[in-house]
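Open the model in your viewer and keep the selection panel handy.

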Amino acid sequence: MSEHSSDHHGPEKGLLRWVYTTNHKDIGTMYLLFALVALLVGGTMAFVIRAELFQPGLQLVDPNFFNQMTTMHGLIMVFGAIMPAFVGLANWLVPMMVGAPDMALPRINNWSFWLLPFAFGMLFCTLFMDGGAPNFGWTFYAPLSTDYAPPSVTFFIFSVHMMGISSIMGAVNVIVTIFNMRAPGMTFMKMPLFVWTWLITAFLLIAVMPVLAGVVTMMLMDIHFGTSFFNAAGGGDPVMFQHVFWFFGHPEVYIMILPAFGVVSHIISTFSRKPLFGYTSMVWATASIAVLSFIVWAHHMFTVGMPLVGELFFMYSTMLIAVPTGVKVFNWVTTMFKGSMTFETPMLFAIAFVVLFTIGGLSGLMLAIAPADFQYHDTYFVVAHFHYVLVPGALFSILAAVYYWLPKWCGRMYNESLGKWHFWMSFIGVNITFFPMHFVGLAGMPRRIPDYALQFAEFNAIVSVGAFIFGLSQLIFIYNLWKTVVKKEGEAATDKVWDKPEGLEWDIPSPAPYHTFQEPPVVK
Amino acid sequence: MKKLSPWKLSLIPIGMFGFGFALIPLYDIFCDVTGLNGKNFTVFESGVGFDESEYSELKTAKLQFLSDPESRDKWQFTPEFKSLNLESGKMVTTYYEITNTQNQAVSIQAVPSVAPGAWAEYLVKIECFCFTNQLIEANSSIRLPLQVTLSAKAPSDVNHLSLSYRIYEIESG
């Protein structure tokens, strides 16, 4: 076998390569493809939801199946699409950005990924079980998820355990890589912002994913082993579930957005042809958002009957988060100010991110006003708010990152006009989908319902049309990827790819070789 | 350079898993220490507006038993006694008598009324025929039980209460 005689070897041949691989680039690719599949599955469920809500009345699905769709859509998008996509980006980029040959724990890395298909396979199978899939909302409040849950809830609990283990191992891997494997000369305050934001995200992950594992374990014990953590009849407290869940849940929100801040910082700087404005303040803003995220959880529960001091504390602490977030938005805008900007697809997505994420942040501030929240709570206004931060927020940043680094990964430029079509259709679709949700929410339309009062009919029809535009325009993205990566159409990318981008990943050839930085580069 | 050990780092998630469970008692301790509500027992133990002397004093009041005139005519609905003396903490059991003159069994519901209304909360009904529907066989009389006491919280000026009932026939079918 001649391949074995050489020290320099590429990937193994055959499909088993993907099972055995410990290469950060292979694993990153698998994470990203997994996230893409989850995005399509979760998106199909969103289509079912929006098709049912196109008109008032019950047309297509029965209410129980509708509830299963909303629950599974939320779970798959949060845990299956957004989080794995960011882990995929971290796998590809963190070693290349810090000048390391691979992740610090390559086998753990392989295992982290391969837990996911099994976790989500199990979660998906619940759709075909007796009693159907989980139908209690992605926040699975007890006692809906304990006393009144379908039998499949046990499979849901185990799949959450598995994805939790996967996330924790992935986060440990990222932290150890960043701490131990930076190239000589790369001090913490010289690290690229994507690395910084991921480092902080990874600390959030190892702090709160175990709490999620704990809360589902308590549910498991309540359901099967006769404990009463959340059962009032046995001395427990259902409101306690919400406290423990949101202690995980709020930092989770930042887990899904902090890496996006990093991505957008790189892209805006490159296409404005200016160094990022306020690097140090970006780092500190990210860290303070992460710290604050631990003391704001009960703003999700203003209406459970908290004492007034509680309402006030959580209202003010939540509003405090607007300060570091404002610092970030200011820095991005100032980076663009007087820059010689060009508007390639990644830049378009990044600018849309800044604008639309800010809209989502603003509606978040409105929700943080405790007395006003009693009107907004559990309405479509909340749905509009978190979709604004997660879709044109997190998802747009992931799309921007894929367009920005794809030429480095596969060595070919994507089709720019298809990219622009994808962007504009997505941008228009996203706003038609989620903006009218603010109006119906303020008018009192509750979330998680398969039918609604007639006065909401027009806006819901508009929302559904927007959702289909947005969903179908993602096919342009997939076609573009297929053309670039599989068909290898498009011109060959240069090593720098863009006009003077900053970062070690642009010093290696395009496409990035299977092994990079075997000899650590020296950072001045 | 000192390397970060992944094993040491793993202590954080393990510790946080335990912390998730520790949150359950921690919330109780937090509410207890700060006196924030959330659990009823803290309100009960701190005894909001609770004055023990109120309970040590014996309260008495006269309770008058009445029946609505129409119910009296139609059902011969009459109390066993016109009035009784109530003492706080002492249970009094008494009866009303009712007669069904129809040729078929009927189900009735008694609706109580206490006067003066402001003192109604001090009349504590332990058991009352008005809590449920009552079935009376055709052409028969039955005794309907009632068990009451006077609340120990009653202010000392509560000296007289009257309890009246009106009988409604429940539509069958």
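Select chain A: 54% of its 524 residues are buried, where buried means that 20 or more other C-beta atoms lie within 10 Å of a residue's own, exposed means 12 or fewer, partly exposed is in between, and C-beta atoms are placed from the backbone. Bear in mind that this is a predicted model, in which local features need pLDDT of at least 70 and side-chain atom pairs count only at pLDDT 80 or more, while totals for chains, interfaces and linings use all residues. For your selections, residues are numbered from 1 along each chain as its sequence is written, chains are lettered from A and ligands numbered from 1 in the order in which they are written.

Switch to cartoon. Chain A shows 17 helices and 0 strands; helices (H or I, at least four residues) and strands (E, at least two) are DSSP runs, numbered from the N terminus. Its radius of gyration is 23 Å, close to the 24 Å that the globule rule gives for 524 residues, so chain A is as compact as a globular protein of that length. (The radius is taken over C-alpha atoms, and the rule is 2.2 Å times the number of residues to the power 0.38.) The C-alpha trace spans about 65 × 50 × 45 Å along its principal axes. Of the chain A contacts between residues at least 6 apart in sequence, 82% join residues at least 24 apart, a contact being two C-beta atoms, placed from the backbone, within 7 Å.

Next, pick residues 24-53 and 457-486 of chain A. These are helix 3 and helix 17, whose axes come within 9 Å and cross at roughly 155°. (Axes are lines fitted to C-alpha atoms, for helices over the stretch in contact, and angles run from 0 to 180 degrees between N-to-C directions.) That makes helix 3 of chain A roughly antiparallel to helix 17 of chain A, the label for angles over 145 degrees.

Is A:Val463 buried or exposed? It's buried, with 24 other C-beta atoms within 10 Å. Leaving aside neighbours within four places in sequence, A:Val463 is in contact with A:Arg50, A:Thr433, A:Pro436 and A:Met437. Draw a distance from A:Val463 to A:Arg273, 190 residues away along the chain, and you'll get 37 Å between C-alpha atoms.

For another pair, take helix 13 (residues 345-368) and helix 15 (residues 380-410) of chain A: the axes come within 8 Å and cross at roughly 160°. That makes helix 13 of chain A roughly antiparallel to helix 15 of chain A.

Now bring in chain B, with 4 helices and 9 strands. From the N terminus on, its elements run α-α-α-β-α-β-β-β-β-β-β-β-β. Buried residues make up 20% of its 173 residues.

Finally, where do the chains meet? The contact takes 23 residues from chain A and 17 residues from chain B. On the chain A side, helix 6 (153-180), helix 7 (193-224), helix 8 (238-255) and helix 11 (308-320) each supply at least two residues. Helix 7 of chain A gives the most, with 8 residues.

Terms used
Angles under 35 degrees count as roughly parallel, over 145 as roughly antiparallel, 65 to 115 as roughly perpendicular and the rest as oblique.
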